[in-house]
Amino acid sequence: INLFMLRLISYESLLSREVLRAEFKLDTLYDYDIAINKFELKNHFHRDIGVSGKNGLFTYLNTTKTLGGEKSFLENLLRLKPESIEQIIFRQKIVKELSLKEYTSLKFLRILEEAHIEEGSGKINLAPLFRYESKFFDRKKILSRIYKPYILLGWILSVYLFIIDSPPITASIFLINTILFILNRKEIGLALKSFKNIQNEIPSIKRAATYLSGVSIDLGQLEFSKYQFNQASIKVMFKKLDDIISRISMQNAPFIHYLLNMLFLWDLWQLTALAKWQKEYREKMKAIAESLEIIDSILPFVIFRFHN
């Protein structure tokens, strides 16, 4: 019931906003100024209030939910990048196909709108899914090779000494682990931060990717079609990432986080798991993220066609 109510509220919010857009009540639609120069994509249009003002064309058309989608939409609107005839025809074809599937376009927007968006950003940033690649273990190759056997042997030896009633070495292990944790805490934190920040958006991104995989439109020029994604493969990919980020989020509980690092060097294990996930899925995630952004950048023209 709660899920149904959430869906109902999100659809009501989306449809109410589109009614305001259709009636050109942009002052009601937006209670903040829209700035198209935030991407530093400037040409002779970017200061034209007919384009960039609060009641301008960009404001009226912009339904984008992702940072990359908004940037691509702006590039298309202002003709900032040269395009081949094939690219233009492909975009027009997608607009035409989606225009015949009104429910599909609105559902896609609703799914992305349900994502938790960090306060102040206003848009979903898909970049952490594929752009950031940790080089931590490239700089600390010795640590990457020894920390697993060190933890395993240390605990086996501690348990053995405890059983035979010999002086334990556990305190020494805890001290070494604490030193390693303190020395590498800042660098590891930076490596994990971008993924931890996107945790709340992952369910909506997964639903959007799953929905896109089932939509009957020709995605021939998108990398998404190259991998022939289906619901099962997308679910596995995101489930693994969500599990890793859930463990990374232990950083939000400082005492437990410190305890886990003191006992097991917790962050190093999560960094290893994340590196393994990136090696297996990075290119696929890039294809998903870029395809979602392209569809997101095209939807304003689809919605415009609905209203006119």
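# Questions on a helical fold

Student: Which residues does Asn76 touch, leaving out those up to four places away in sequence?
Tutor: This is a predicted model. Asn76 has its place in helix α5, residues 67-78. Contact here means heavy atoms within 4.5 Å. Beyond four places in sequence, Asn76 touches Glu83, Arg91, Ser297 and Phe301.

Student: Is Asn76 buried or exposed?
Tutor: Buried means under 20% relative accessible area. Asn76 has a relative accessibility of 14%, so Asn76 counts as buried.

Student: How many helices and how many strands does the protein have?
Tutor: The chain has 308 residues, and 43% of them count as buried. As for elements, the protein has 15 helices and 0 strands.

Student: Among contacts between residues at least 6 apart in sequence, what percentage join residues at least 24 apart?
Tutor: Take the contacts in the protein between residues at least 6 apart in sequence. The share of these that join residues at least 24 apart is 78%.

Student: How do α11 and α13 run, roughly parallel or roughly antiparallel?
Tutor: Helix α11 covers residues 202-214 and helix α13 covers residues 231-248. They pack with their axes 9 Å apart, at an angle of about 170 degrees. Angles over 145 degrees count as roughly antiparallel. That makes the direction of α11 relative to α13 roughly antiparallel.

Student: How many nonpolar, polar and charged residues make the contact of α11 with α13?
Tutor: From α11 come Ile202, Ile205, Lys206, Ala209, Thr210 and Ser213. From α13 come Gln231, Ile234, Lys235, Phe238, Leu241 and Ile245. Sorted by class, they are 7 nonpolar, 3 polar and 2 charged.

Student: Which residues touch the most other members of the largest nonpolar core?
Tutor: This core has 60 residues. The residues that touch the most other members are Leu241 and Trp277.

Student: Which element gives the largest share of this core?
Tutor: Several helices give two or more residues, including α6, α7, α9, α10, α11 and α13. Helix α15, residues 266-307, is also among them. The largest share is 15 residues, and the helix that gives it is α15.

Student: Which residues does Trp277 touch, not counting those up to four places away in sequence?
Tutor: Among them are Met237, Lys240, Leu241 and Ile244.

Student: How many residues are in the second, separate core?
Tutor: The second core includes Tyr60, Leu61, Phe73 and Leu77. Its count of residues is 8.

Student: How far apart in sequence are the parts that the Tyr60 and Phe304 pair ties together?
Tutor: The whole structure holds 11 aromatic pairs. In this one, Tyr60 and Phe304 sit edge-to-face, 6.1 Å centre to centre, with 85 degrees between the planes. Tyr60 lies in helix α4 (residues 57-61) and Phe304 in helix α15, so the pair joins parts whose separation in sequence is 244 residues.

Student: What is the geometry of the Tyr227 and Phe229 pair?
Tutor: Tyr227 is partly exposed at 26% relative accessible area, and Phe229 is buried at 9%. Their ring centres lie 5.6 Å apart. The planes meet at 35 degrees, so the pair is tilted.

Definitions and conventions
Residues numbered from 1 in each chain as written. Predicted model: local features only at pLDDT ≥ 70, side-chain atom pairs only at ≥ 80, totals over all residues. Heavy atoms only, no water. Axes fitted to C-alpha atoms, helices over the stretch in contact; angles between N-to-C directions. Helix = DSSP H or I, 4+ residues; strand = E, 2+ residues; numbered from the N terminus. Parallel < 35°, antiparallel > 145°, perpendicular 65-115°, else oblique. Nonpolar A, V, L, I, M, F, W, Y, C, P; charged D, E, K, R; others polar. Core = buried A, V, L, I, M, F, W, Y, C linked by side-chain atoms within 4.5 Å. Buried < 20%, exposed > 50% of the residue type's maximum accessible area, 1.4 Å probe, protein only. Phe/Tyr/Trp six-rings, centres within 6.5 Å; stacked < 30°, edge-to-face > 60°.
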